[in-house]
Amino acid sequence: QETFKLGIVTFLSGPAADSFGVPARNGGQFVIDQLNKGAAPAPYQKVGFGGMKIEPVIIDENGGATKQVQELRNLYQRDNVDAVLGYISSGDCLAVAPIAEELKKLLVLMDCGTPRIFEEAKYNYVFRTASHATMDNVGLVRYMKAKNVKMDTLSAINQDYAWGQDSRADFVAAAQQLYPNVKLATDLLPKFGAGQYGTEISALVGAGSDVVYSSLWGGDLQAFVLQSAPRGLPKRSQLVFSAADHVLPPLGDKMPDGTIIGARGAYGLMSQKSPLNDWLFKGYEAVNGVYPVQAAYRITQSILGLKAAVEKAMAKNGGKKPSSDELVAAMTGLEWQSPGGLIQMKLADGHQAIQSIAFSRTKYNPELKRVDLVDILHFPAECVNPPPGVKSLDWIKGGMQGAKCN
Amino acid sequence: MNFFLTIVVDGLIQASWLFIVALGMTLVFGVLKILNIAHGSFYALGAYIAATAVTMVAAHSLPPSVGFVAMLVSVALIASAVGFLLERGLLKMFYGRDEVVLLLVTYAVFLILEDVTKLIWGVNPIYATQPYELFGNVAFAGLYYVGYDLVLIPISAAIGLAVWFGLNRTVTGKIVLAVIHNEEMSVSMGVRVNRVYAVAFAFGVLLAALAGALTAPKISMQPGLSSDVIILSFAIVVIGGLGSVEGAAVGAVLVGLARAASVHLMPQAELFMIYLIMTGVLMFRPEGLFTRETARRI
Amino acid sequence: MNAAGPLLEIDNLVVEIQSMPALRGFTMKVTRGAMVSLVGRNGAGKTTLMRSIMGHLKPAQGTVRFEGTDLAARPRHARAALGIGYMPEDRCLVPQLTVEENILLPLWVAEHLDRKARLDFVYEVIGELTEMRHRKALLLSGGQQKLVALGRALAIGTKCLLLDEPFEGIAPALSERLSEVLASLRGKDLTLLMSQSDMNHSRGLIDVEFTIERGANLATA
Amino acid sequence: MKQGLHPLTMIALVAAATLFGRALPTWTLSLATIAASNALIALGIVVLARTGNVSFGQGLFFAAGGYGVALIANAWGLTDAVAQVIIGAVCGGLLGLVIGPLIARYSGIFFGMLTLALSMVLYGALVKTTALGGSDGFNVGRPSLFGMVFTDTREADFMLYAVSVVTTGFAGIAATILFRSELGLASLAVRENNLRVEYLGISANRVITINFVIAAVFAGASGAFALMAQRHIDPQFAYWTTSGEFVFVAVLAGYQSVAAVFVASMALELVRSFSNLYLPNTWQLVLGVFLLCVILFLPRGIGSLWVGNRRQKRRATAATSIATEEGAAS
Amino acid sequence: MIPVLSVRGVEKRFGAVVAADALSLDIPAGQRVSLIGANGAGKTTFVNMVTGYLKPDAGSIAIEGMDIGRRSPRNVARLGISRSFQIPQLFIELTAAENLAVAISGVGAHSLSFFSPAEAHGRHDKALELLGRFGLTEMADRPISELAGGVRKLIDIAMALVRRPKLLLLDEPTSGVSAEEKFATMDRVIHAVAPDASTIVFVEHDMEIVSRYADRVVAFYQGRILADGDPQDVLKDPEVRRYVTGGSQ
Ligand SMILES: Nc1ncnc2c1ncn2[C@@H]1O[C@H](COP(=O)(O)OP(=O)(O)OP(=O)(O)O)[C@@H](O)[C@H]1O
Ligand SMILES: Nc1ncnc2c1ncn2[C@@H]1O[C@H](COP(=O)(O)OP(=O)(O)OP(=O)(O)O)[C@@H](O)[C@H]1O
Ligand SMILES: [Mg+2]
Ligand SMILES: [Mg+2]
């Protein structure tokens, strides 16, 4: 019986493993198990991909772009996978995309924030099934505006590498659009993985600005929160974190109430109710003991999108296992439902997804011993993503023309 | 004025834990001539063990001070045992090889420990925050400081003084000097060199782990914790001069202050700071700030 | 223990360094209290023999017995405790330590000896050391270091001294002094084995001379 | 005269290795390209190590070569593989010429750490340079060869393989000649006792600088290969772990022969790749154990599997020559 | 005629230790001078200063009238001055022949060749020939690490001879060399340099050697020159006997 061999690349070691890599692997395993059993809800009830069982080959993403390029080649050429799905780091996404293109093999990027992938090049065989990071910051500023958060002065703390630098640039640009008088007070760029922020917190508390923005994630974010709370930073400034959902379960009551957070999508506690969402949320929680956060959602929407594409292609070619080109044709411009809402391959000639996003404030719930999210606000995809053909930062700086909010 | 005070306090807080790590590294290098890449892994190991100890104590709803003590004791015991076993069981086999080969051995140990910690503790973040509240908060120079952070400064100074005293003012320290200088002669004079090696290595591991334990309450433990620490302590040790306790102290303070100053004054430069200091120091003192006198050669 | 038997007994010792034979069946008996000289050309194997006795080289064949016990069974560091004082050819002082500390080094680890008494003994025998006791070894000239190394061997070597070329590089006036020092040890139940490439310095001192040639005995006198 | 292989034999071996690529499965071609390029930079480390200095910052020149080639390729559309290798080598070499004289007076760990620091300064600068893509880096197009553009992936991979094997092979031959030369012997002497070298009227700094520049040239060319093979460059090229890995390849190989360096880097890549495939959660552990085993059981490196003990060989040829077999290209 | 070596008022201290105390000394070409002195008298320090390894605290040192003030050992060596060392300074992992080959390529070479094989141009033959002169042909292909101390000493001296120096400084050439060898060693040295009528300064503790080979003896004590002159006279000097040579001489 024919199977669909799927290479999955995600962080199993290194600093991104706990926040993104392993939740993604767990999510992927859950979804693949369910699909192989035919246990997923409609419209995904068919076994595997169009009846073919999915055979995952999981690879660690840790180790840098050089290694990932080599491993991608190995996956396609040595292990003969039918498609590769994965990648969390932007650098890795940028590096592997041209290789897949050259080998004419399907590559589905599930996460990675940078908009540059499709803004700087054109790919036929490469798709990204999640919005890029522009949405996180545009949405965050829109949320603050909608909730009347005061922001005359702004401080920022972001890691000194592409994700932090880009997030900072997007947020500041968007803030300048919606808060034209905002002044940037302290603008910190600690090294990635610094882990200790005593000095930075002194500087931030000293600056005492209305809002402290951060795109920190994972252990760095947790350390920052742990160290800043006793020093009174949350009391002095409104904390806004663009991608903090994944630290809520581990931080628990250490997370100061009222912090504004995003999840890079309408994920986890901010997701909208649907049978598909219940299936993932409850199922994942049952297997793993915690509820799913962004990475689990992102891999799920990737796998479901690929499933939709495979089945669409099979419907067209009469039920044979589709070739890479048939898959590409099917995936281009595809739309499908995911636990986090509707995914539409709208940008980059149908290769780059857009999706809706949600933001909220934290509130610790002592009974459930977990952080609840309140004041949730959803923004439709076209409100926070640039329209096709416009570069993200230009779009923001140009006043976010053509955004459709409601 | 306040501003400078902030930089100094922030810098010293940084320097305090960095010093303990670097001290361990410089001792191991001094005695065994091993530049230990796995040193960062021992730091991580200490942090993990501390977190486990604190969590276990908290689960029995004992006060955080018990957690603090439990964490230090358990780390001290486990880390020195691990260090001892590693030296006797593994490193010993490679003595007499090239410095670079020994470095590679410790790199292999680093790789192995990376996965071993992952296998034991998983990738999910672990905390040991209870002791962080132990010493309250202190209002100071217009800011709040966490008492725990401030307490680290005297703790590390005390450790440094004790080690310095032990090496320079006690017979044991002088025996260690002899072993460092010439192992064959030391054995001939009746020194149990193997024991000196094992104890020195175990002590180095202990210091790294202790630093990990002391920082554990304010960070979240997760994979990748070790790699940053390695390079930081390398830099400090090189700035200070390999094998020198004073050097490690001055190096750590220098690095701590420079980083603090750059965050407050020039945040863009933080990434380079440590390397710039290192290059600057080596420019004028090619062997680091404090170098050990060597025997006459000709 | 049999007091009449030889103190040091080397039987058919074969030592290979990097698979090249450096000792080829060397045999020697040293009686208690004797002053023995080991003579040979450069490369004959004198240093190799000393280092083998000290356990730094593992013999391929043959045995080294000290007071009847096979030294091969003892760990390297145990030789000092047996009362063997060794003065290596290249001095090997610890540069950061003072002269006195260098002399004390073997005494610090030897629990059975009275430190003060041994130190005084060393200063008594080699008076020159007293005035430089607080200087760091780093600062001594080659010959001065030689004296310190001798003092250090003397401190721990209660039964036997192994001196590897003690007179090498010593000014004649001082080597005369050294010979006197060594001569003064006679009758103190201390056995002396010293290697030499030149016999000038010790003619009157020696009871027995072993000549080593290409790692083997040449003749016994 | 029996002192390793004759250069002509080595050229034949290089040719054979190149043609052998025809028989390799596609996925091993790019692996072998990377291995050859790593071998090239590791060879530079061996060259430098003969003066007693180990560079933990070869990533500096690796990145200089890579970025130099990438920028020129993107600016002028220069895609020729051979030209790119030359550009990479020149970029590395020029930087080496600037840094070499400054760093030659350092020794041991300080030399290593200073090179590491310099490479990390470059790393930091690159991470900061958003115009070059910051930490994410940027992509470049496919290389061509003498005006030929390869669209078939197998052909393109083989072309790269061939260019890298030939370049590395010639670098190996050059290194062999160097090792046997006056300068090569003086380099070993500098490692042993640079004071005596100075007393003999030879400038130890100069010897170190020359070897340093050679290593930098190799590293720059290697950077060009890495770039061509993956068509992407990022500051990771200059990161200390990258440099560290090259040192490990050199140590694993055992400083004995060029072929050993190649085999060692190939073995490392294979072990890493297969353990990642079959044991994705514990591949680092496997790699660590592999390293320990090689060091323990092959103390003279992988090369000792077939090069044989230098000393024994020396004895066999004792009367005729003072050959330095390290250079033997097999 | 200008002296080969001219030392004027040289002082050197190491902390409290005075290693050279207003030393003045002229050595004319072709003379064989022996430096004797108690241990720690400053003989090695003297050699170190003359060869540029140590800088004097005060005073001047000139070679053939040229001040060597700031010159490094390398630049001094290029002036045609060689030395051997009290503790042999060799390339431990290289063979005896390779050690000499390095020395040979150092002669006159301002840059070393990439291409010229180390053993080409008769360099190897020359190395073997030098070794042969010291009776060390057998040792040619053994690394120094395998050689005994006395043999190292000889190779160290052989290396100093490679350059055919105009001034040769030997620091205790015969200490550690066996009785059978020591005269032969000195003979070889003399023989090796004779054609150029080279000037030799040798530090020595062995008075047999001194009286046999020196034209002139300079006795040091605590950084000062105790006596300087004809060997017979110096060796008879009561102070020299007291501090240096001892009673039995
Ligand atoms: N590390 C070594 N490796 C190989 N061979 C060695 C080593 N050390 C010594 N040998 C060889 O062993 C032999 C004996 O050397 P040893 O040092 O014992 O001589 P020695 O009698 O002490 O000479 P000397 O009077 O010059 O000190 C020599 O042939 C020497 O070449
Ligand atoms: N680099 C140095 N640092 C400190 N002190 C030194 C140094 N070099 C020499 N000395 C001191 O200077 C004095 C003279 O030393 P030097 O080596 O010149 O003596 P020497 O006459 O060669 O003696 P020997 O015959 O024992 O070799 C000694 O007291 C020595 O301790
Ligand atoms: Mg000897
Ligand atoms: Mg001297």
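Contact here means heavy atoms within 4.5 Å. By that criterion, Thr129(B) touches Leu226(A), Lys254(A) and Pro217(B), leaving aside residues up to four places away in sequence. The model is a predicted one, in which local features need pLDDT of at least 70 and side-chain atom pairs count only at pLDDT 80 or more, while totals for chains, interfaces and linings use all residues. Residues are numbered from 1 along each chain as its sequence is written, chains are lettered from A and ligands numbered from 1 in the order in which they are written, and side-chain values use heavy atoms, with hydrogens and water left out.

Thr129(B) sits in the loop between helix H4 (99–121) and strand E1 (137–140) of chain B; helices (H or I, at least four residues) and strands (E, at least two) are DSSP runs, numbered from the N terminus. Because its relative accessibility is 8%, Thr129(B) counts as buried (under 20% relative accessible area, with exposed over 50% and partly exposed in between; 1.4 Å probe, protein chains only).

The axes of H9 (residues 225–240) and H10 (residues 245–265) of chain B come within 7 Å and cross at roughly 120 degrees, the axes being lines fitted to C-alpha atoms over the stretch in contact and angles running from 0 to 180 degrees between N-to-C directions. H9(B) is therefore oblique to H10(B), a class for angles left over once those under 35 degrees (roughly parallel), over 145 (roughly antiparallel) and 65 to 115 (roughly perpendicular) are set aside. On the H9(B) side, the contact is made by Leu232(B), Ile236(B), Ile239(B) and Gly240(B), while the residues from H10(B) include Gly247(B), Ala248(B) and Arg259(B).

Two magnesium sites complete the picture. Ligand 4, a magnesium ion, has Thr44(E) (OG1) and Gln86(E) (OE1) as protein donors, lying 1.9 to 2.2 Å from it; donors are N, O and S atoms within 2.8 Å of the metal (3.2 Å for Na, K and Ca), and water is not among the atoms, so sites may look incomplete. Thr44(E) belongs to helix H1 (residues 43–50) and Gln86(E) to the loop between strand E6 (81–83) and helix H3 (96–106) of chain E, 42 residues apart. Both Thr44(E) and Gln86(E) are buried. The magnesium ion numbered ligand 3 is coordinated by Thr47(C) (OG1) and Glu89(C) (OE), at 1.8 to 2.8 Å. Thr47(C) counts as partly exposed because its relative accessibility is 24%.
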